[in-house]
Amino acid sequence: MGSANSAVRPTCWAVIFLSILVLAIAACSKEGKESDLASPAGIATSQENIQPENVTPPVIPAKEQQVNYIETGDLREIKKHGTIRFVNLTGASENMLPRDSVVSLRHFELANKLADKLKLEAKWIKAETPDDAIKMLLAGEADIIAYDLTVTDSREEQIDFSVPIRQARRQLVTGASGPDITEPSKLNNVELIVPKGSANVETAQQLIAEFPDANLSMREYKIHGNRDGLVDKMNEENNWVAVLEDYSAQDLRNYRDDLRLGAYVSEPQNIAWGMRKTSRRLQSTVDNFLTRNLVKAQEERITDWKGIKKSGVIRLLTYNGPTTYFLWKGLLMGFDYDLAKAFADKHKLQLQVIVVPYEENLADWLRAGRGDFAGAEMNITSAVEKQGMVFTKPVVESTEQVVSGRGTPPIKQIQDLNGRKLTLRAYSSFIETAKTLQNAGIDVDIRVAPPDISQSQIFSMIAEGLVDATIAHSGRAKIEASVQPNLVLGTVLGDPTPEGWLVLRQNWHLLQNLNKFLTSYRKTDKYKKQYAAYFEPNKRFMQRVSTRVIPGENLSPYDDLVKESAFKYDFDWRMIVAQMWQESNFNPKAVSPVGAQGLMQVMPATAEEMGFPPPLFEPERGIKAGVKYMDWVRDRFNPALPTVNKLWFTLASYNAGYGHLLDAQRLAEQLGLDPNVWFDNVEVAMLKLAQPQYFKRARYGYVRGSEPVQYVRNISNLYKAYVEMMSDDVSMRPSTQQTPDRFCSPSNTPEGMIVQVSPPPSQ
């Protein structure tokens, strides 16, 4: 095999060049579509359309969602189809990380819960503007507009509205150096930017009419899904002022400090869902459902169980981080979040998650009444009792472990810490552990990191050789070491220590209920699966990238199925096989700890959005769902992107979620890197999104960036091996586009990564 392999290598780059031609065709195959997520330049005036710089093809609702029937009847007629169709401006994917809202009030969860109550399958359709959503509703292409739709007189003539979900006022918003927006009368020579097709257009027109001498003009902006692009543009154009709903403006303000909120320019208006006037029974059903399930977010309060039950809301204080609370593939996750959600559901409460800034202490927020209980990897100690707080029974037990870098002597036993420097997370119990080591005679230098430095950032600093070592919870350390090969796990420090949630001492009834829940829940299989999801390394990322390829034989048992789907969506089938190996090791029954299924490890909610309700264990179904989702993600990127980089972006989005990729592109540009190149550019920014100083200003928050980075590198290296050994016998066509000048250089191969091309061992 060695000689055969050597014979192939002189032609390696020629074959790769040919492969790139195929990929180039794939990027050019979808033409004539408009943007569904406009770039910052994607703006239209009321008089003319301005061609956007970054346009992406839209999702064609009925076709994409496989709900291409027309139905204008009421609930009885809707039920005959077995589905209920929801339309909004984001599809099923949420468009931000909730930082201080009642999580279950997101339209996606509410609507899916309604569908379950009606025993119907929920289908999600994406519209470009609110006006487009109304047109789809009236045409019978959708049944409910599940979106923050402003109730106006003109809209009430067309459709019926549900009971109000909330009230909102419109507010002036501008960049850090924008014009004076404290009063509408102070606006002068300003362009008013409004979401395209929204009720805000009318507000802007009223301002222009009210102040005729102020030289005001208006532009409509396809703002949905790209509010960060709007803020970036406002900071470039000093005369831009956006007219947004107050809750939307505050959402932006929660994680960005480069914008200013100004005067309100409307009276409070109702925000509701929309239905056809011919759907009176549906409207009554929706109204009753929303009345039972809508609960307002709570202000600061200190109350025990009785007050919590009366309000219907329980508030969790936590950090945005890898084991607490984060957004992954459009789903809210986190060990503390999952357990808190299970507790809230058990007692029929709405869970409100309040993200505390990394530089602040959870205990301080709890004492101020900003939450009812707090949790984020907190070791149970008696020190909090002096501050009027108590811990619950353990949420989990965790061992503390030393972590160092590959370029330094390993720390295999406690004595190896002599002369070493430990950099520790601020406010963590690891500081006390290190001091105990010092008191025991270990000559270790203790350094406490600034409060805004996360544990993830400390891990990265060790991997880069910037600091010596740290102490972390063993589960967290194992996960990080699985995706950062330069981290070395060292000695374990003592026995497992319990971690718990924090409660005010006077809230004894809440404490009692939390303890009762934790005692019983920890005995369930569900708890064991959740523990594995967050504290046990993903074996797919620990393994070396290796596969056995015999020239002339199949790459996988599913090559024919892959070729069929790859040809349909213009992907190189060998790349899909490489991805399938990374996702499931060709196991069609694979289920990830967080619930992804099948050969392509598609999340159930994503599969439903693509028209493939789970389960996805049948190979053909799993492959079709995964490849269709790959195509859907790829279509959201700028068509002008270099073909190969668009492929890497698509893979990263498939792994981590499209929103995190948008955050990484935006951060790359801020760092002076190329936002249109993955390797050594956007991947660098993706890694930084695990650090608080970056993710706290990102719309989608924390992401364990090392996973999508490793994911793309694994697949790219395996794909190159497949290209060397297997010709593309499916989609060879002449190229119509200039070939990109960059593929994936050998220098991009991470240390310790191999591609094994050899026959299977003899049995």
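## A loop residue and its distant neighbour

Val 594 lies in the loop that runs between α22 and α23, in a model that is predicted. With a relative accessibility of 32%, Val 594 counts as partly exposed, because partly exposed residues fall between the buried limit of under 20% and the exposed limit of over 50%. In sequence Val 594 and Ala 532 are 62 residues apart, while in space their C-alpha atoms are 9.2 Å apart.

## Aromatic pairs

How many aromatic pairs does the structure hold? There are 23 aromatic pairs in the structure. One of them joins Phe 335 and Phe 535, whose ring centres are 5.0 Å apart and whose planes stand at 80°, so that the pair is edge-to-face. Phe 335 belongs to helix α13 (residues 335-346) and Phe 535 to helix α19 (residues 525-535), and the pair therefore ties together parts that are 200 residues apart in sequence. Both of these residues, Phe 335 and Phe 535, are buried.

Another edge-to-face pair is formed by Trp 648 and Phe 679, with ring centres 5.6 Å apart and planes at 70°. Here Trp 648 sits in helix α25 (residues 643-656) and Phe 679 in helix α27 (residues 678-688), so the pair links distant parts of the chain that are 31 residues apart. Trp 648 counts as buried, at 0% relative accessibility, and Phe 679 is also buried, with a relative accessible area of 0%.

## Charges over rings

The charged end of Arg 169 is placed over the ring of Tyr 264, at 3.6 Å from the centre of that ring.

## How helices cross

Two packed helices are described by the angle between their axes and by the distance between those axes. For helix α22 (residues 573-584) and helix α29 (residues 706-725), the axes come within 8 Å and cross at roughly 130°. The crossing of α22 and α29 is right-handed.

The axes of α24 and α25 come within 9 Å and cross at roughly 120°, which makes α24 oblique to α25. This crossing of α24 and α25 is right-handed. Helix α25 is also the helix that holds Trp 648.

## Backbone features in loops

Most residues other than glycine have a negative phi, and most peptide bonds are trans. With a relative accessibility of 74%, Lys 119 counts as exposed.

Asp 570 has a phi near 60°, again a positive value in a residue other than glycine, and is found in the loop between α21 (559-569) and α22. Is Asp 570 buried or exposed? At 16% relative accessibility, Asp 570 counts as buried, because the limit for buried residues is under 20%. Elsewhere, Pro 614 and Pro 615 are joined by a cis peptide bond with an omega of about 10°, and Pro 615 is found in the loop between α23 (604-609) and α24 (619-634).

## A covered helix and a buried strand residue

Helix α17 (residues 474-483) is mostly covered, since 9 of its 10 residues are buried. The buried residues of α17 include Ser 474, Gly 475, Arg 476, Ala 477 and Ile 479, and Glu 480, Ala 481, Ser 482 and Val 483 are buried in this helix as well.

Gln 350 is placed in strand β16 (residues 350-355) and is buried, with a relative accessible area of 11%. What lies 2.8 Å from a polar atom of the side chain of Gln 350? It is the backbone oxygen of Asn 293 that lies at this distance from the side chain of Gln 350.

Notes. Residues numbered from 1 in each chain as written. Heavy atoms only, no water. Helix = DSSP H or I, 4+ residues; strand = E, 2+ residues; numbered from the N terminus. Buried < 20%, exposed > 50% of the residue type's maximum accessible area, 1.4 Å probe, protein only. Polar contact = N/O pair within 3.5 Å; in protein donor to acceptor, adjacent residues only side chain to side chain. Phe/Tyr/Trp six-rings, centres within 6.5 Å; stacked < 30°, edge-to-face > 60°. Lys NZ or Arg CZ within 6 Å of the ring centre and 35° of its normal. Axes fitted to C-alpha atoms, helices over the stretch in contact; angles between N-to-C directions. Left-handed = near helix turned anticlockwise from the far one by under 90°. Parallel < 35°, antiparallel > 145°, perpendicular 65-115°, else oblique.
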